[in-house]
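Hello,

Here is the structure I promised to hand over. Please open it first, then read the notes below it.

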Amino acid sequence: MNLLDLLLLIPAAGFFITLLLPRDNPGLVRNFALGLSVVVFVMSLGLIGPVQSNPDAYSFESNAVWIETPHIRYHTGVDGLSLWLVILSTLLTPICILVSWKYIQKRVNEFYAFMLLLLVGVIGVFVSLDLFLFYVFWEVSLVPMYFLVGIWGHDKRIYAAVKFFLYTMAGSVLMLAAIIYLYNKTGSFDLPGIVGLIGDGRLALSPAEGFWLFLAFFFAFAIKVPLFPLHTWLPDAHGEAPTAGSVMLASVMLKLGTYGIVRICLPMFPEAARDNAPWIIGLAIAGIIYGALVAMVQPNMKRLVAYSSVSHLGFVILGVFSFTQAGIDGAVYQMLNHGISTGALFILVGYLYERHHTLEIADYGGVGTVAPWLTTVFMVTTLASVGLPLLNNFVGEFLVLQGAMQVSFGYAFFAAIGVILSVVYMLWMVQRTFYGETPDEVRRHVTDLNGREWAIMLPLIVLMVWMGIGTKSFLPPITANNQKTLEMVLQPSGALNAATTLPAKESVHAR
Amino acid sequence: MHQLWLIPALPFAGFLVNGIFGRRLGKPAINAVAIGSVLLSFLWVVKTLFALGPLESAYTESYFTWIQSGIVNVGFDFAVDRLTAVMLLVVTGVGLLIHIYAVGYMSHEGGYYRFFAYLNLFMFFMLILVLAANFLLLFVGWEGVGLCSYLLIGFYFLKKSAGDAGKKAFVVNRIGDFGFSLAIFLTLVTFGSLDFGAINAKAAAMSPETSAGVITGICLLLLVGATGKSAQVPLYVWLPDAMEGPTPVSALIHAATMVTAGVYMIARSAALFNLAPIALEVVAVIGLLTAVLAATIGLAQNDIKKVFAYSTVSQLGYMFLALGVGAYSAGIFHVMTHAFFKALLFLGAGSVIHALEGEQDLRHMGGLRSKIPVTFLVLVCAAVAIAGVPPFSGFKSKDEILLAVHAHSPWMFWVGVVTAGMTAFYVFRAIFLCFFGSYRGKAHPHESPLVMTLPLGVLALLSLGGGYIDVPHYLAPLFGQPNTDHDMTLVAISVGAGLAGIFLAWLFYVVKPAIPEALAKGLSGPYKLIYNKYYVDEVYDSLVVHPLRDGSRSVLWRGIDAGLIDGAVNGAGTLARSIGAGLRTMQSGYIRRYAAWVVLGSIGLVAAVTFLGGAR
């Protein structure tokens, strides 16, 4: 049993223990969940060293038989692609537990139990190397989120939870069908195994097979991302979820989709990925602009941030399907950046909600006068979110757009419009919320940050700056791993070395 | 190593100290931190430049790799050449004077520590901008100064107009940055590097025929960025609104330093622009257009800061005109002299506003000459400098520009001369309205304290004598020798235009104040047009802002999102429920009926597999 197995086992055990803890002692439950998640986070840092020294292979690999027939294995491992996503999940879980400290007052045991189960689910997805195991964890992560929204959400929570569940299920059914089809072909669920078979030509999929399998996986992932126009579950789920739910949803769960694309769609169906890149990029860019424009006119803060996610995640998809080193590195980096800065935005919006019990921007104004530090922290997070240099999002957006430019001027041109619009919607919200005269209602309710709230925000702010300047701490394992993925994607169309030379646009998107 | 990083790091330290602890510090401590950090930075600049000597070639320091991925390899590198040296001295020198002045000006304002923290942060980013050794780091400074501009324009954040102006500045600048960033991406794809040194070397080796298309594209995109930051047509609209910020901010950011970043950036990319004559021509035309347009608007404004704001736009147009005709060193020369006299105009205006307890309307001033004599004196120094009266600083740099323009194309020279006349007119109009005649306001004017008048005095000396700092020759290794063949007829024409402007202003506002009113009535059409700034803001609002906002709300959000997509999703849900209701009748509870369904289903499956040929 290695470190990675423990990272799955401990929160899983924590899930059951939390349910069994006495129900009349919420303080104990909170402290237990927090302590456990902090331990998991600290342990997860142990992944960094080994993965960094060998980023394009799997570290901490476990491979044991789970079920004999059908041949399902417990095969897990972590590499440069999944490393930071795992750590992002383990970092945000204690933060979300701390965020919910005061806010969650009903069914406390269940709430924290579901937070831990969610952690099991998302780590599981990020480290599964067996397609069936991947599917199981995919569904495991869905369940706690359904309840987090449905039980502890706002007024329209049931509608939002059901919509979220049905949307995601629609995709995962297709994914399951594709997984079973592949099993029928190969007799295996093993991800590296199947990729190897396809890579050296021992498993030849007809173009039609490749296309439909790619599409089945891609559809499941695209819903999760969410790629325009499959995004309408997102504003509802975000808008209705409790703060912790919104944070985990935006920061981690959306990344399950983008991660799945890079981990499964690209190496398994390189030809289909290349063939379909143009329309996927088209949708990504449409989503960047569309999400930003719709975010601009939202009267509700949480929905505004939710639509901004549609825009931000469009950049990730664009980067991935540019099939350039810079683009795909930027995409993976942007997954992490979005996790940090949008997570922070949801937390801050949650702070405002806990004080004033409204999410309507129109109910605020002049918060800057009564809560200067809250305003400052919100401002820094906003600046990170709009891609100000020296903060994290800039690096990701820059790399994605650079990659897009290597493929086509038009891609970069239209995607960069999203960078203008992000300023419009974020600063407009900031102005209406924090500037101006302070209404009496706001003056009475809104206070500045307390110690617990500082403890939550400080690590996130530090990461925004660190990831914006010290990219050397994070990027190399991502780059090394993506290089391998890119070679697989670009292999059939000739000897392209994306790392050193420019792939001309003809060869990238050639048939 | 000369520790170049200390130059921006010192103001940044000041920002951190005042930003975090400022609320608990007293004013003397805040002043010491804010001014001290900029003073040390200035001294470090002077010391470094002495140590570096003649700077025949660029001196570079590399600190660490910032971003590395694929073709991207960007370092955190600073470099100093003669162009940077000029900018460093202007930024830290004028910045220092304005910091000192602000101690007096802001003494009665709330948020004192916040103001100085932002101001120091601005210095940090501005110094990164001029020290950057590659485009991406320049972009860091570029965005950073934009942020500080936003924060400082919205400094009086209780006022809605201040918040609006700040947001407008940020958004309009982002439109420019959009172009700039595309230029950066395209540069990296074209040259494989973002380092100025590498790009210049590669550009020099390129033959103009093979590269013309893409280089022209890069240059035009860079120009889009520059029009945003340096307030050129069509993106100049944010700068006049930016006067919502405190006056020292208007002087430092929106006159002396930040708005000249576009000029600096184009001069920095001279190697590229030299390969793209079409782009250079566009720069010249935009500069000229901006110079004329803003000058005409400046003729009719009544807010003293607005007059000077349009004057800044107009003078920036002059600088672009210089760049466009290839006279980069003349453009940078004007950046410097303009920093002196325009900072002085704003700070002097601030001193007037300070004396009148916040009054900015020229119609409520007048006769202040005897009440605030020092302010009057320094403002006259600034006015003669900007009006191009020889031998003061503005004359020197404007002369340099106009000569180069004449060599390029005479018609541009004549337009430039007319603009120079208008410049002299509106500046002296402000001076006469403010200081001559009889006082028309209600406040009790008082002269500003020494902490304000001392920087004014220094700037006055620089405005008068700064033209003798021979920037064009100093920059010759970078941009080639300036044209030394001064045609005295041309000089006389441009000086004459300036003097004529002054004379007309004197006639209109001192001798016969009835003339301007009669003119405004007689030419009410054109007068209204320029008084209302050609209605450009209104046009932008109705053509861009409103359609975008209303379209997003009614078409995208309510129409597509809630109507089309969610309609389909909810429709599918309803459909599923009715199918489910239908299917429920099958769950009758009778075993026999279930058996029948199983048999039927199996037959159907087998049939399907047979006809379709199976999955394998």
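**Where the chains meet**

The contact draws 45 residues from chain A and 42 residues from chain B. On the chain A side, six helices each supply at least two residues: helix 7 (157–186), helix 12 (270–296), helix 14 (325–356), helix 17 (392–407), helix 18 (409–434) and helix 21 (475–490). Helix 18 of chain A gives the most, with 11 residues. By type, the chain A residues that touch chain B are 31 nonpolar, 11 polar and 3 charged. Please keep in mind that this is a predicted model.

**Chain A as a whole**

Chain A has 22 helices and 2 strands. Its C-alpha trace spans about 70 × 55 × 40 Å along the principal axes. A compact globule of 511 residues would have a radius of gyration near 24 Å; chain A has 22 Å, which agrees. Of the 511 residues in chain A, 62% are buried. Take the contacts in chain A with a separation of 6 or more: 79% of them join residues 24 or more positions apart.

**Helix 1 of chain A**

This helix covers residues 3–20. At 1.5 Å a residue, its 18 residues should span 26 Å. The end C-alpha atoms are 26 Å apart, which agrees. Which residues of helix 1 of chain A are buried? They are A:Leu4, A:Leu7, A:Leu8, A:Pro11, A:Gly14, A:Phe15 and A:Thr18. Seen down the helix axis, these buried residues fall within an arc of 125 degrees, so they line one face of helix 1. The face turned away from that buried side carries the exposed residues A:Phe16 and A:Leu20. What do the buried residues of helix 1 pack against? Their partners in chain A are helix 2 (26–44), strand 1 (59–67), strand 2 (72–78) and helix 5 (108–127).

Helix 3 of chain B runs over residues 82–105. Its 24 residues should span 34 Å at 1.5 Å a residue, and its end C-alpha atoms are 34 Å apart, which agrees. This helix is mostly covered, with 22 of its 24 residues buried.

Helix 22 of chain B (residues 488–511) holds B:Gly496. B:Gly496 has 14 other C-beta atoms within 10 Å, so it is partly exposed. B:Gly496 and B:Ala276 are 220 residues apart along the chain, and their C-alpha atoms are separated by 35 Å.

**Backbone points to check**

Most residues other than glycine have a negative phi, and most peptide bonds are trans. Here are the exceptions I would look at.

- A cis peptide bond joins A:Phe228 and A:Pro229, with omega about 5 degrees. A:Pro229 lies in the loop between helix 9 (207–224) and helix 10 (233–240) of chain A.
- In chain B, the peptide bond from B:Val233 to B:Pro234 is cis, with omega near 5 degrees. The loop between helix 8 (208–229) and helix 9 (238–241) of chain B contains B:Pro234.
- A:Phe60 is not a glycine, yet its phi is positive, about 50 degrees. A:Phe60 sits in strand 1 of chain A. It counts as partly exposed, with 19 C-beta neighbours inside 10 Å.
- A:Phe323 also has a positive phi, near 50 degrees, in a residue other than glycine. The place of A:Phe323 is the loop between helix 13 (301–321) and helix 14 of chain A. With 26 C-beta neighbours inside 10 Å, A:Phe323 counts as buried.

Best wishes

Methods. Residues are numbered from 1 along each chain as its sequence is written. Chains are lettered from A and ligands numbered from 1 in the order in which they are written. This is a predicted model: local features need pLDDT of at least 70, side-chain atom pairs count only at pLDDT 80 or more; totals for chains, interfaces and linings use all residues. Two residues are in contact if their C-beta atoms, placed from the backbone, lie within 7 Å. Helices (H or I, at least four residues) and strands (E, at least two) are DSSP runs, numbered from the N terminus. Ala, Val, Leu, Ile, Met, Phe, Trp, Tyr, Cys and Pro count as nonpolar, Asp, Glu, Lys and Arg as charged, and the others, Gly among them, as polar. The expected span of a helix is 1.5 Å times one less than its number of residues. A residue is buried if 20 or more other C-beta atoms lie within 10 Å of its own, exposed if 12 or fewer, and partly exposed in between; C-beta atoms are placed from the backbone. The radius of gyration is taken over C-alpha atoms; the globule rule is 2.2 Å times the number of residues to the power 0.38. The arc is that of the directions from the helix axis to the C-beta atoms.
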